[in-house]
Amino acid sequence: MSEYNQYVTAINKIFDYLAKMKAGWKTLDNHNYIESIEEYKQLVSNIATQIKNTGTTQQESGEMGVLGND
């Protein structure tokens, strides 16, 4: 499996699990945490496109930050 396919598969699983958690959890705090993670969806989609087109990631060029480091 190519790097692109592995990346897309992993990202799809993450956001699928997030959608399931959001549907199952009713507390506002949990929904807010999930929504803050979902803000990265467009970024990871852009990285997938970059991997597909060039074979490199933004992390290698220093553009992507660390998630959950607060």
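**View 1. Residues at the contact of helix α1 with helix α2 in the predicted model.** From α1, the residues F15, L18, M21 and K22 meet H31, I34, E35, I37 and E38 of α2. Sorted by class, this contact has five nonpolar, one polar and three charged residues.

**View 2. Crossing of the axes of α1 and α2.** The axes of helix α1, residues 3-24, and helix α2, residues 28-38, come within 10 Å and cross at roughly 160°, which makes α1 roughly antiparallel to α2, since an angle over 145 degrees counts as such. The crossing of the two helices is left-handed.

**View 3. Salt-bridge network of K22, E35 and E38.** The side chains of K22 and E35 meet in a salt bridge with an N to O distance of 3.4 Å; because E35 lies in helix α2 and K22 in helix α1, this pair ties together parts that are 13 residues apart in sequence. K22 also meets the side chain of E38 in a salt bridge at 3.5 Å, N to O, and this second pair links distant parts of the chain, with K22 in helix α1 and E38 in helix α2, 16 residues apart.

**View 4. Salt bridge of K20 with D16 within helix α1.** The closest N and O atoms of K20 and D16 are 3.4 Å apart, and the two residues, both in helix α1, are separated by four residues, about one turn of the helix. D16 is partly exposed, its relative accessible area being 37%. A search of the whole structure finds three salt bridges.

Key. Residues are numbered from 1 along each chain as its sequence is written. This is a predicted model: local features need pLDDT of at least 70, side-chain atom pairs count only at pLDDT 80 or more; totals for chains, interfaces and linings use all residues. Side-chain values use heavy atoms; hydrogens and water are left out. Axes are lines fitted to C-alpha atoms, for helices over the stretch in contact, and angles run from 0 to 180 degrees between N-to-C directions. Angles under 35 degrees count as roughly parallel, over 145 as roughly antiparallel, 65 to 115 as roughly perpendicular and the rest as oblique. A crossing is left-handed if the near helix is turned anticlockwise from the far one by less than a right angle, and right-handed if clockwise. Contact means heavy atoms within 4.5 Å. Ala, Val, Leu, Ile, Met, Phe, Trp, Tyr, Cys and Pro count as nonpolar, Asp, Glu, Lys and Arg as charged, and the others, Gly among them, as polar. A salt bridge is a side-chain nitrogen of Lys or Arg within 4 Å of a carboxyl oxygen of Asp or Glu. Buried means under 20% relative accessible area, exposed over 50%, partly exposed in between (1.4 Å probe, protein chains only).
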